[in-house]
Amino acid sequence: MTALINHAPVLLIAIPLLGAFAVPLIGKLGRGARNTFVGLISLITAALAGLLAATVFGHAGAPSLYVMGGSQGFSLPLPSGLSVPIRIIFEPDGMSAFMALITALITLTGAFFSFSYWRERSGGTLFYSLFMLLTAGIFGMELTGDMFNFFVFLEITSISACGLIGFRVWLKHSQEAGFKVMALYTLSGLFVLLAIGLLYGQYGGLNIAYLASTLTGSTIDIVALGLLLVGLALKAGAVPLHMWAPDAYGEAPAPMSAVLVANSQASLYGLFRILFTLFGLTVSVATLGWILIVLALLTIFVGVTMALIQSDIKRLIAYSAVSQIGYMLLGVGVGLAVSVAKPDFGFVAMQGGIFHMLNDAACIGLLFFASGVIIRATGTRDLNQMGGLAHSMKWTSILFIIGAFALAGVPPFNGFASKFLIYEAAFKLSPFLAVVAILSSILLLAVFVKIFQAAFLGPRREALMSEVPIGMMIPMVALALVVIVFGLFPGFFVDKIVTPAANALWYGRDAYIGLVLGGG
Amino acid sequence: MSIGNLPFVVAALLVVLGIYTFLFKRNLIKLVIGISLVETGVNLFLVTLGYRTHAIAPIYTFAPKAERMVLPTPQALTLTSIVIGLATTALLLSFAVFIYRHYGTLDAGKIKELRG
Amino acid sequence: MNTGMSIIVRTVTRLVYGLALVFGFYVIMHGHLTPGGGFQGGAVVASTLALLVVAFGAVGVKGHLNRHLLQTLEEIGALAFLALGFVGIGTAFFYNLLANSGGLFGATVPIGPNAGVFAAGGTIPLMNWAVGLKVMTGIAAIIIAMLVGSRKEETE
């Protein structure tokens, strides 16, 4: 058991990779064997993520170290006496463990949802191979402590995500979406690589802790920061770089849209890691914080207003997913802007922003799964042609209402808990921020009422499916349980899970650096 | 004669040319070529980071003694980047093939069915 | 791409592609001592296949290659790479258990410039072979899918 805990960071990446490479061989044995294998790998990965989170949160979010290919003492002593860390390390701390929990939840429910969703299609073996590559890539982005390793996992997720978007080659819109999204993801990856090259050339190291200890605020550092900000904000989907997001989330198969949201959140995590741990206080955090706040306000507002005018159900939910990314940016941006003086409301803002990542992942997952069921039941994606599903699909309508109200911030669901923290803290910084955030939540509620009225209410029409099959319902019920339980006991979960993550970002920079440089 | 900053200038020029091609050309294959140019510029930049003046290649087999060697780490980074670029270009080109089959054209101005 | 090129090109290709294959395998196998390695050698071997497709045309090549065999070899290469990563899991993932141990590929590595000891390096030459196998079959599959023909192919 101790060995499993010690090796958990790398097993979280190695086991999905093993699954991805072995699925085509096992797929030759038939569909049942393949589904069992994929389900087993997903369960093992989720269990390992839970184990890692329990270990890290048991130490109050302190970082731990895993060295790839070497024993714990891995620094290379040079003749001049300087000691340089040279191996690739994984350094999971509180924030990484939190993101690993989110990814495990979304990929587990997505895998089980896709078992019944893909029943009538063919070509499923390569679909699961790409899906597990994407899982491995997202876990890698969240656990690594080395900048170039982060770039490699970023590109792995880009390539497999675009492969999944364009997977259904018989639909022409998915090919167009896949091309556009791949081109933008590649450019974002190249900007990140350019920034990593600049930092390496200046300081001679790729390790995040080593770079953080030797960074000064020179011009090259500011240029690298700008490139990293543009690259990672493009991949996360912040306005004005969000053009790919509605195509990507809208054209992917329904279980994959939720995993793509987890992908965007992972690059948002990368942005937070770079801003808080890599650069820290060596650059002007007030300016950076306000840049994040401006981006957040634009994202929240543009996302919701574009969602109002859509008539395609998946693009509508995609735009609301884009606007929720803005709430996370707002919470953490407020925290960054005041992180010199560190008042209390800054910490509350960080808690709100980070908690909203988990809530948003669960709610958006639930909404995308429900939209997949609706599309399967009515055979169309146009809201004007649906109607009357509440007569025959009672469970789906209840689950949809839970997801929609939770995302819009209605108590007693979990969206209200995290959004209330964000409103409270943003109001203390500047009342205008809280006003925009609250207005956009109300608009979002209006958007979801529109979907509900168009799809579920109204006279009964011909439905292609009587009620959602049990295989699709269990993942949705699991996510709905997460939504309800986290909404009824928010204080408990914030203390246990979110506070160590926020601590790791706000106070944890010295511990992060000291673990690598002090001990090794 | 030393080469000074010339490789860095060439790398920056390649990146700017690539971004210009990506933004202002309409044929899909030319967009892919533009992305490829940006990748080439970034790779050249990475390799040049390791260069030290009058140093030899970092190979120990039959190496002359008492010579300085260039840094090998940027070469490993560049190799990884080339592999990633290969996978990216292959995926982009297969999407272009399928777009041509569905839409009948490769003009980016006419492939705009996803709007709004 | 359906017909090949002229007879001069075809004759020269028949003479040359064996040498090119040997060169590709040399780059894979000698990767831990001289420039090269898994990806580089695999790309050379796959471009030999591209040379054959260009010289002889799609019709000349189509009968000789089995796509399912290529896919199976690709997966074996990938699984072998992961298995080699798990060999040293007692200490860490990717730990080089065989280096300096006297067993397979376990000769001691001399320090400084030397004449190149082939049997040194531990798991690294084995990983080179695994990656080389995967890359050569993977790029060959891409080339066949794009050049040789997927007219009647939808998803399988």
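Chain C contains four helices and zero strands, where helices (H or I, at least four residues) and strands (E, at least two) are DSSP runs numbered from the N terminus. Along the sequence, chain C accordingly reads α-α-α-α. With a radius of gyration of 19 Å, well over the 15 Å that the globule rule gives for 156 residues, chain C is more spread out than a compact globule; the radius is taken over C-alpha atoms, and the rule is 2.2 Å times the number of residues to the power 0.38. Along the principal axes, the C-alpha atoms of chain C fill a box of roughly 55 × 40 × 20 Å.

The model is predicted, and local features need pLDDT of at least 70, side-chain atom pairs count only at pLDDT 80 or more, and totals for chains, interfaces and linings use all residues. Residues are numbered from 1 along each chain as its sequence is written, while chains are lettered from A and ligands numbered from 1 in the order in which they are written.

The predictor assigns the complex an ipTM of 0.95 and a pTM of 0.94. For chain C, the mean pLDDT (the predictor's confidence in each residue, from 0 to 100) is 84, and 93% of its residues reach 70 or more. Confidence in chain C is highest in helix H1 (residues 7-29), at 93, and lowest in helix H2 (residues 38-62), at a mean of 88. Over residues 152-156 of chain C, pLDDT stays under 50, and the model has six contacts beyond four places in sequence for this stretch. Where pLDDT is low, the predicted coordinates should not be read in detail.

Of the 156 residues of chain C, 33% count as buried; a residue is buried if 20 or more other C-beta atoms lie within 10 Å of its own, exposed if 12 or fewer, and partly exposed in between, with C-beta atoms placed from the backbone. Among contacts in chain C with a separation of 6 or more, 68% involve residues 24 or more positions apart, two residues being in contact if their C-beta atoms, placed from the backbone, lie within 7 Å. Nine residues from chain C and nine residues from chain B form the contact between these chains. The side of chain C that touches chain B has six nonpolar, three polar and no charged residues; Ala, Val, Leu, Ile, Met, Phe, Trp, Tyr, Cys and Pro count as nonpolar, Asp, Glu, Lys and Arg as charged, and the others, Gly among them, as polar.

Chain A is assigned domain 1 (1-66 + 86-283 + 511-520) and domain 2 (285-488), with bounds from an automatic or database domain assignment. The contact takes 34 residues from domain 1 of chain A and 38 residues from domain 2 of chain A. On the domain 1 side, two or more residues each come from helices H3 (94-117), H8 (219-236), H9 (245-251) and H10 (254-279) of chain A, and H10(A) gives the most, with eleven residues. By class, this side has 26 nonpolar, eight polar and no charged residues.

The largest nonpolar core has 260 residues, and A:Ala100, A:Leu330, A:Leu366 and A:Val483 have the most contacts inside it; such a core is a set of buried Ala, Val, Leu, Ile, Met, Phe, Trp, Tyr and Cys residues joined through C-beta atoms within 7 Å. Helix H13 (residues 344-378) of chain A gives the largest share of this core, 19 residues. Both domain 1 and domain 2 of chain A give residues to this core, so it lies between them.
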